[in-house]
Amino acid sequence: MSEHEEIILALKETSSIFSEAAVECLAALFGAEAVVEDEWQVVERLHGEFDRMITMGMANDQYSSLILVAMNEETLCQLLGEDEIDLEYASSALGEFVNTYCALLSDQAIFSDKFGKQIQAVPLLYTGGCPFLPFLTGIEGYLTLDSHRIYVGYTTRKGN
Amino acid sequence: MSKRVVIIDDSLFVRKQLRDFFTKKLGWQIVAEGANGREAITLWEEHKPDLMTLDIVMEIMDGTQAIKEIMSRFPDAVILMVSAVRTGEMLDCISYGAKEYMEKPLRFKDEDYIEDFKKTLEEVFEEPITYLS
């Protein structure tokens, strides 16, 4: 089995924890009760179509990974209970989201057995456009919160 | 009784969470906020608060170094660690003199978590603490 096939298999075997951790993360930080939209899919490349996107790199000796969380500004305003949010606060709130999401994933034995404990890098916020995303296999899906959609993706490859 | 608090965390979002909890739930006063361990030392010297909340993983100087320095110079300092770190560094902070710790994420939308936080503060101050009515 190739490394690529190994990663696809590992993502498929762990697929449910990615959506479950995202729901838990929203509840823990924002008290939001989000619903998982459809089954999350293993894809050849993550994508994001929202105006607030944050990425966070993670790595260990074996894997280099990226978490991507994206939503529209009005969704973030609803989560934070604010009418307007400046970029510094958006970056901080979404940064805390990806930090917590990473911690919740790492707490799952099935995740750390497959991908190990990974050290987190500093989260980066993007606005008004899609950041460069590597062509790497990942898993992605959406959460629904009232009429709002939140995108969450995780991509990984072997090696640094 | 109202207390004077200094909040140290590199996350603006977390600082706001803590500020809202202390001011809106307990009626306490936030006298200063900082984003790293170096600021923690400076702000302790400047304000001598009743309580400092201190994150561990921060740029410039982390919370472990900061509490070691603060407790060596101000042995009566009352410091509550607030961090996602649950292992060795947290134990180091307790051994340096942190009174207690609360784990992140701060689940301030969860009434049970809020009650746990209040109980922890009661253990720190060895007195009952009441919510702002």
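## Backbone angles in chain A

A:Asp38 lies in strand S1 of chain A, which covers residues 35-43, where strands (E, at least two residues) and helices (H or I, at least four) are DSSP runs numbered from the N terminus. The model is predicted, so local features need pLDDT of at least 70 and side-chain atom pairs count only at pLDDT 80 or more, whereas totals for chains, interfaces and linings use all residues. Residues are numbered from 1 along each chain as its sequence is written, chains are lettered from A and ligands numbered from 1 in the order in which they are written, and side-chain values use heavy atoms, with hydrogens and water left out.

Most residues other than glycine have a negative phi, and most peptide bonds are trans. The phi of A:Asp38, however, is positive, near 55 degrees, and this residue counts as exposed because its relative accessibility is 64% (buried is under 20% relative accessible area, exposed over 50%, partly exposed in between, with a 1.4 Å probe and protein chains only). A:Asp146, which is not a glycine either, has a positive phi of about 55 degrees; A:Asp146 lies in the loop between strand S6 (138-145) and S7 of chain A, and at 61% relative accessibility it counts as exposed.

## A cis bond in chain B

The peptide bond that runs from B:Lys104 to B:Pro105 is cis, its omega being near 5 degrees. B:Pro105 belongs to the loop between strand S5 (100-103) and helix H5 (111-125) of chain B.

## Aromatic rings

Over all chains there are 21 aromatic pairs, meaning rings of Phe, Tyr and Trp (its six-membered ring) with centres within 6.5 Å, called stacked if the planes are under 30 degrees apart, edge-to-face if over 60 and tilted for the rest. One of them joins A:Phe115 and A:Tyr154, whose ring centres are 5.6 Å apart and whose planes stand at 65 degrees, so the pair is edge-to-face. This pair links distant parts of the chain, since A:Phe115 is in helix H5 (residues 109-115) and A:Tyr154 in strand S7 (residues 148-158), 39 residues apart. Both A:Phe115 and A:Tyr154 are buried.

## Contact between the chains

The contact (heavy atoms within 4.5 Å) takes 14 residues from chain A and 12 residues from chain B. Between chain B and chain A there are 2 salt bridges, each a side-chain nitrogen of Lys or Arg within 4 Å of a carboxyl oxygen of Asp or Glu. B:Lys16 forms a salt bridge with A:Glu82, with the closest N and O atoms 3.5 Å apart.
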